[in-house]
Amino acid sequence: MLSSFFRRLFLIPPRHTMSTTAAAPTQPLEKIYKWADPKDGEFKRQISSFRNHIGDPEFPAEPNRYHLYVSHACPWAHRTMIVRALKGLEAIISVSVVHYLMTKDGWHFSTADETPGCVADTVNNAKFLREIYFKAEPDYSARFTVPVLWDKKKQTIVNNESSEIIRMLNKDFNQWSTHPKLDIYPVAIAKEIDEINSWIYDSINNGVYKSGFATTQAAYDRNVTALFDGLDRVEKVLEGKTWLVGERFTEADVRLFTTILRFDPVYHTHFKCNKGTISHSYPNILTWARRVYQVDGIKGTINMEHIKKHYYMSHLNINPTQLVPAWDGPDLDSPKVQSNIFSSVLE
């Protein structure tokens with residue numbers, strides 16, 4: 001049975017190993033990794049549980065107080081790395097990058113010498129991401145996900161919802177930002193951004209997972225159809241346009257880009273999203289993806305080795321041989337695409 005496979009593959013020991021007085025979790029952790037509903041085979045995404053915000057009385061904006069835990073492989077965590085880079089916050093918000101391989105113990109940390117691209121946890125000296133969650137909430141019993149925004153002063157998690165973290169990075173640290181005028185969620189078009197985010201999330205961002213983790217044919221057919229309907233819709237939105245909303249770069253572009261980047265090299269094959277490719281089926285999306293990729297700062301947030309090895313080597317139920325395909329997807333460096341609108345905002 002699939003559920004028993006996940007229990008064997010991802011079962012987490014009942015007690016955590018971090019040097020802390022926090023108690024062990026009280027709920028059986030074998031329930032954490034039941035990704036698909038056994039009744040209908042549908043993938044169910046967990047709702048993020050830490051939802052505090054920078055600017056709350058408990059969490060004021062301060063330089064060098066907050067730390068990000070991310071994975072290069074994860075598209076949700078990648079969003080935060082992009083906004084951190086574009087806003088020029090690297091010097092005041094530190095980061096740890098987990099190993100690309102998710103094992104039975106979940107995400108774990110490694111050094112750059114051991115695994116290029118990783119950044120060890122020098123804040124809490126944790127070996128596993130789960131230790132961070134247990135330090136913040138000893139009775140935590142859900143999945144251990146990235147990104148995590150950590151408060152080094154209060155020693156707790158502020159937020160683990162990527163859509164909220166990128167908005168904090170966008171506005172709450174402008175005092176220390178090298179690009180304080182860059183606003184990827186302007187009030188004047190916030191409603192439009194929210195609307196496009198909503199259907200892109202459901203059909204595309206989460207749609208690739210709903211297709212790839214489906215455990216019945218009906219669930220797969222339903223979600224892969226909705227996925228490509230969503231891509232068709234984006235292709236039409238981008239007809240004759242530079243960006244998704246209005247004529248400026250916004251968080252909608254960031255949120256979609258991290259999925260499109262992974263589509264051809266990973267989701268097309270690994271998640272069976274194979275009714276088309278970005279390279280050959282969606283010329284407007286491909287041009288747009290090159291435009292985003294070529295914005296200063298974004299290329300440096302991408303580690304394709306981590307991306308591919310995570311998916312193809314971690315999901316043993318999908319790819320038991322752990323073989324990693326050769327193709328990295330379309331060349332986004334060339335041809336060069338103008339992005340003058342965004343460049344003018346950065347100046």
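User: Where does the charged end of Arg 291 sit?
Analyst: A charge sits over a ring if NZ of Lys or CZ of Arg is within 6 Å of the ring centre and within 35 degrees of the ring normal. Here the charged end of Arg 291 lies over the ring of Trp 243, 5.9 Å from its centre. Arg 167 likewise has its charged end over the ring of Tyr 185, 3.7 Å from the centre. This is a predicted model: local features need pLDDT of at least 70, side-chain atom pairs count only at pLDDT 80 or more, and totals for chains, interfaces and linings use all residues. Residues are numbered from 1 along each chain as its sequence is written, and side-chain values use heavy atoms, with hydrogens and water left out.

User: How many aromatic pairs does the structure hold?
Analyst: Two aromatic rings are described by the distance of their centres and the angle of their planes. Rings of Phe, Tyr and Trp (its six-membered ring) pair if their centres lie within 6.5 Å; planes under 30 degrees apart count as stacked, over 60 as edge-to-face and the rest as tilted. The structure holds 23 such pairs. In one of them, Tyr 133 and Phe 144 are edge-to-face, 5.7 Å centre to centre with 65 degrees between the planes.

User: Are Tyr 133 and Phe 144 buried or exposed?
Analyst: Both Tyr 133 and Phe 144 are buried (under 20% relative accessible area; exposed is over 50%, partly exposed in between; 1.4 Å probe, protein chains only).

User: Which residues form one aromatic cluster?
Analyst: Among them are Trp 76, Tyr 201, Phe 263 and Tyr 311.
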